[in-house]
Amino acid sequence: MTRSARRILWVWLAVAAIVVNACGGAATPSPAQQASASAPASAAASGGSAQPSAITGASCAAGAKEVKFWTSHVPPDSDALKHIVDAFNTANPDTCVKMTIVPGSETDIAKLLTAIRGGAAPDVYMADRFTVPQRAAEGVLDDITSATQGLSSQYLDFAWAETQFEGKTFALPFDTDARALWYNKDLITAAGQDVSALDMTKGPATIDTVVKIADAVSKKDSSGNYDVLGWIPGGPGAGGAAGAFDQGWHYTWGFTFGGTFADLTACKVTPTNPGVVAGFQFLYDWAKNHDPAAVSRWVASNRPVATQPAQQFPFWTGKLAMTISGDWRIAEQAKYAANGHYDFTFIPVAKQGDQSATWAGGWSMALIPNSPSRDQAIKFMKYIAGPDGQRVYTKESTHLPTIKDLLTDTSLYDPQHAKFLDLLKVAKNRPPLSVGAAYWDALTTAQGSVEANTMQPMDALNQVQTSIQPQLTTAGC
Amino acid sequence: MAAAAPALTRSRRPRLGALERRNLRWGLLFISPWLFGFLALSVFPILYTFFLSFTRYSGIRPPVIIGLTNYERIATDPLFWKSAYNTLFYTALAVPIGVLMAMILAVAMNQKLREVGIYRAILYLPSILPVFAISLIFIYLLNPAYGMVNALLGLAGLPSPNWLGDPTYARISLVLIAQLGAGQWALVFLAGLRGIPIELYESAEIDGAGAWTKFRRITLPLMTPVILYDIIIGLSLGLQVFTSAFILTGGGGGRGGGAGPDNALLTYVYYLYKQAFQFGQMGYAAALSVVLFVVSLVLAGAVFRWARGWVFYEAEDA
């Protein structure tokens, strides 16, 4: 071999070494890596791996079959999840569930998608339940129909329906929730308003009443900027982005004004339904009356990023007097604002005597295709989404369970928490669509434009119709 | 006949000798790792993207050919137009301002001072910070109530904008962040400045030229190839702006998918990313990237054509 040929060979060997090394992290683990899988999580996560660290599984037995579990939840909810996983690992020494908090949100699963394509996917993923049909249609989730036979009857009907696509099961329902109007009694009283007008026993207050109270609470500084806000019924969301500041989403106000968002029989989305348009009109009018720029400025100042820690949420820091939110605030209040005086009531209604509306969301446990630990993963899913897991999660996170039997287990609810059980009985839910996530995001964009007063409600919702219906027609119901 | 002979000579490709053929073979073998990488990691993905643009593909299941449907959808997609507008707004501002900033920094770095090395390091320093870190810091610097930028504006008696909460200011924020990378380009400009023969300035001084005249008549014309290079690369990068918008909107647009106020920070590639990785619409995202590719190509061609009138290549007049 000539000197030049040897040099070229060396160059190729160097390139091959780099490529093999780069791919090694995503490929099947080497024996050494497999050995370290049973070591403490912190050790397994070290060594320059691109994978985030697992927060459970540190004390798993050597040789236990590993199940990778990903969630985008953060404290305090992820603390409850960790306790469930730890309990499972203790009870099942042959299995080691490694729970990892990964970036993502209800409709953002970019991390998961790239992991699947890169061959580094988890076995179990915690997916927002209303997106399950869409993810199933995309091939992101595995069919678990045969492994979950006979389980449907133990879950709430709407929650089970959200896990179905083309007659097959793609996830197990986990928690659910309900929404209400939370209020800070001290701020309202200090503004000279009668806080008893919001008492839940009196039934739902009208929107006019709530706006009047909120406007009395709102304070501006010497520059004319809001210092304290009484209420933001909708958005903008964190940093001024389109969306809800808390839970005043398009669905919240569409349902409140009697709207329906889809006709599942006809396989059609209905964003221009009169009730939905009326809900958007309310958001448009409220923004117009409260100066969208000023409200946006307050939001950008007090909630610059969506990942803001819960303890800095303006409702807990006394910068916001009322917010539409859910049952999980009970746990947050106990942790971050135990000395404050807060309560909640029905979401306000358009006119006196109307039925208040709320809606239930929630998450699910889904299996990712080609899991090397399929049996163990399903066993874990049945545990965390079953009575054992949901009992812990209900108690610690103050969400609500989707298992019917747990709804009557009084040991899980304090009196405040129990009120949300009553709301759950009348709660609506988002239509389980194969374009559920895309529909949500399109409605969010429309909400942002309407609240910025840059588009009229009907124009914005027509755009939603135009962009989503063709996708639904293609994907099917 | 005598006049035709050189033309014939020029049109005929000279045959390679044995030594040249051997050198070519070795040359190709030596660059073969790069060649392989280029074909496998650049050419193939580009061609595959063209194919995917005619399919419905989630990234998981096999692609299904659907003809021109993705392109038809682009025409009626309001967010396509919104993201295109945001991106063009950004590019139209960031590129010329970037050229100006790089030129100013390069001239400053080129001063004959003993401590110029320190100044160069200081001016270059922001360029080595990752865009991710800069963007994250900017979220807090630009906070309308508690941010340092508005505090300084307030001290100067200027109004304090709602930088990331107002659609127009949000777009301008992106342009501002981009300028922190000007140091990188300033180095290229500095190399260009130092390549200008000193004799030209000395001759001009003898003729009585002042600083401004020397800059306008010597520096600027001789820097035009560098400026063109900056514009072409800046255009390409500007049309692909992503990271800063992604971080400023909380990484993925928060819980609802919105990208800044009224989607003002939804840049074209950000939208493409959302379609591909948030909505699992790889086929549609591929069509979006093909459109971006064509637009980039057309714009680059137009800039080259426009540049014929003002770029001065020294070799041409030599």
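Biologist: Which residue in β13(A) does A:W182 stand opposite?
Modeller: This is a predicted model. Strand β8 (residues 179-184) of chain A pairs with strand β13 (residues 320-326) of chain A, antiparallel, over five bridges. In β13(A), the residue opposite A:W182 is A:T323.

Biologist: Which strands of chain A stand at the edges, each with a single partner strand?
Modeller: The open sheet has five strands and mixed pairing, in the order β9-β10-β13-β8-β14 (chain A). A strand with a single partner has one side left without a neighbour in the sheet, so the edges are β9 (219-220) and β14 (342-345) of chain A.

Biologist: At about what angle does helix α9 of chain A run to β10(A)?
Modeller: Helix α9 covers residues 207-217 of chain A. It lies across β8, β10 (226-231) and β13 of chain A. Its angle to β10(A) is about 165°.

Biologist: Among the elements of chain B, which has the lowest mean pLDDT?
Modeller: Chain B has a mean pLDDT of 88, with 92% of its residues at 70 or more. Residues 1-9 of chain B stay under 50, with zero contacts beyond four places in sequence. Helix α15 (residues 282-307) of chain B has the highest mean, 95. The lowest, 49, belongs to helix α1 (residues 4-11) of chain B.

Biologist: Which element supplies the largest share of the side of chain A that touches chain B?
Modeller: The contact takes 52 residues from chain A and 42 from chain B. Helices of chain A that each supply at least two residues include α1 (3-24), α12 (292-302) and α18 (436-451). The largest share is seven residues, from α18(A).

Note on methods: Residues numbered from 1 in each chain as written. Chains lettered and ligands numbered in written order. Predicted model: local features only at pLDDT ≥ 70, side-chain atom pairs only at ≥ 80, totals over all residues. Pairing = 2+ DSSP bridges. Helix = DSSP H or I, 4+ residues; strand = E, 2+ residues; numbered from the N terminus. Contact = placed C-beta atoms within 7 Å. Axes fitted to C-alpha atoms, helices over the stretch in contact; angles between N-to-C directions. pLDDT = per-residue confidence, 0-100.
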